[in-house]
Amino acid sequence: MAMPVEGGTLSEIHQSARKLLLKARDGVEKLERLESSTTNGGFDSPELSFAVKKDITQIQSLCVDMDRLWRSVAAKSQRDLWKRKVEQIAEEAESLKGSLNKYLVRNQRRMNEARERTELLGRANGESAHVLRIFDEEAQAMQSVRNSSRMLQESFATGTAILAKYAEQRDRLKNAQRKALDVLNTVGLSNTVLRLIERRNRVDRRIKYVGMFLTIVILYFFWRWTS
């Protein structure tokens with residue numbers, strides 16, 4: 001049975017990761033086709049490279065969530081099954097990351113070689129200067145994509161760590177609250193005190209959701225700013 005979790009069950013998170021994996025694999029294949037056509041006068045796509053990098057980072061973030069959830073599955077057979085599924089997703093994401101990195105290295109090398117050929121030709125006319133400027137702009141765009149991708153990956157990792165820590169603290173607070181309620185019931189304190197505790201719990205949940213919403217908004221505007 002799938003374990004429920006904020007934002008979806010384990011099965012739902014796994015399905016989302018699979019969809020992102022298919023999307024990222026298709027993006028890598030498109031980049032490789034563009035790379036092949038570039039040798040015949042085609043163009044590569046820094047925007048597509050950034051989108052694929054973002055998808056892979058999100059898959060790895062989902063793997064962190066799934067890795068935490070499958071350990072809470074009650075049946076051992078189900079735990080082993082989910083462990084294999086999560087490991088498969090993580091391995092495929094790592095493979096796509098390696099393919100993307102190799103593509104970026106090849107593309108950077110190709111641009112460097114083209115720039116060196118242009119410089120060696122030493123053409124002083126406007127056409128040569130225009131070609132060199134195009135390569136410089138392309139190299140700057142690729143560097144910007146790599147920098148943005150790295151910053152976005154670090155932001156995702158930080159956000160994931162914060163949410164995981166908050167979930168851990170929330171579990172401890174729930175346990176403490178449960179024990180406190182047991183003690184209060186034992187000593188026969190008034191229902192007014194119990195209602196105050198429940199009201200504080202609802203406020204804490206609202207604070208948590210607002211915090212998560214603000215984190216998503218900040219990441220979204222950060223992505224819009226870097227892109």
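Biologist: In what order do the elements of the chain run from the N terminus on?
Modeller: The order is α-α-α-α-α. This is a predicted model. The chain has five helices and zero strands.

Biologist: How much of the chain is buried?
Modeller: Of its 227 residues, 29% count as buried.

Biologist: Let's go inside. Which residues in the largest nonpolar core touch the most other members?
Modeller: Those are L10, I59, M66, I89 and L100, in a core of 28 residues. At least two residues of this core come from each of helix 1 (10-38), helix 2 (46-70), helix 3 (76-121) and helix 4 (126-187).

Biologist: Which helix gives the largest share of this core?
Modeller: Helix 3, with nine residues.

Biologist: Back to I59. What does I59 touch, leaving out residues up to four places away in sequence?
Modeller: I59 touches A17, L20, L21 and A24, and also I89 and A93.

Biologist: Different topic. How do the axes of helix 2 and helix 3 cross?
Modeller: The two axes come within 10 Å and cross at roughly 160°. Angles over 145 degrees count as roughly antiparallel, so helix 2 and helix 3 are roughly antiparallel to each other.

Biologist: Is that crossing left-handed or right-handed?
Modeller: Helix 2 passes helix 3 in a left-handed crossing.

Biologist: Last one. Among contacts between residues at least 6 apart in sequence, what share joins residues at least 24 apart?
Modeller: That share is 72% in this chain.

Methods: Residues are numbered from 1 along each chain as its sequence is written. This is a predicted model: local features need pLDDT of at least 70, side-chain atom pairs count only at pLDDT 80 or more; totals for chains, interfaces and linings use all residues. Side-chain values use heavy atoms; hydrogens and water are left out. A nonpolar core is a set of buried Ala, Val, Leu, Ile, Met, Phe, Trp, Tyr and Cys residues joined through side-chain atoms within 4.5 Å. Buried means under 20% relative accessible area, exposed over 50%, partly exposed in between (1.4 Å probe, protein chains only). Helices (H or I, at least four residues) and strands (E, at least two) are DSSP runs, numbered from the N terminus. Contact means heavy atoms within 4.5 Å. Axes are lines fitted to C-alpha atoms, for helices over the stretch in contact, and angles run from 0 to 180 degrees between N-to-C directions. Angles under 35 degrees count as roughly parallel, over 145 as roughly antiparallel, 65 to 115 as roughly perpendicular and the rest as oblique. A crossing is left-handed if the near helix is turned anticlockwise from the far one by less than a right angle, and right-handed if clockwise.
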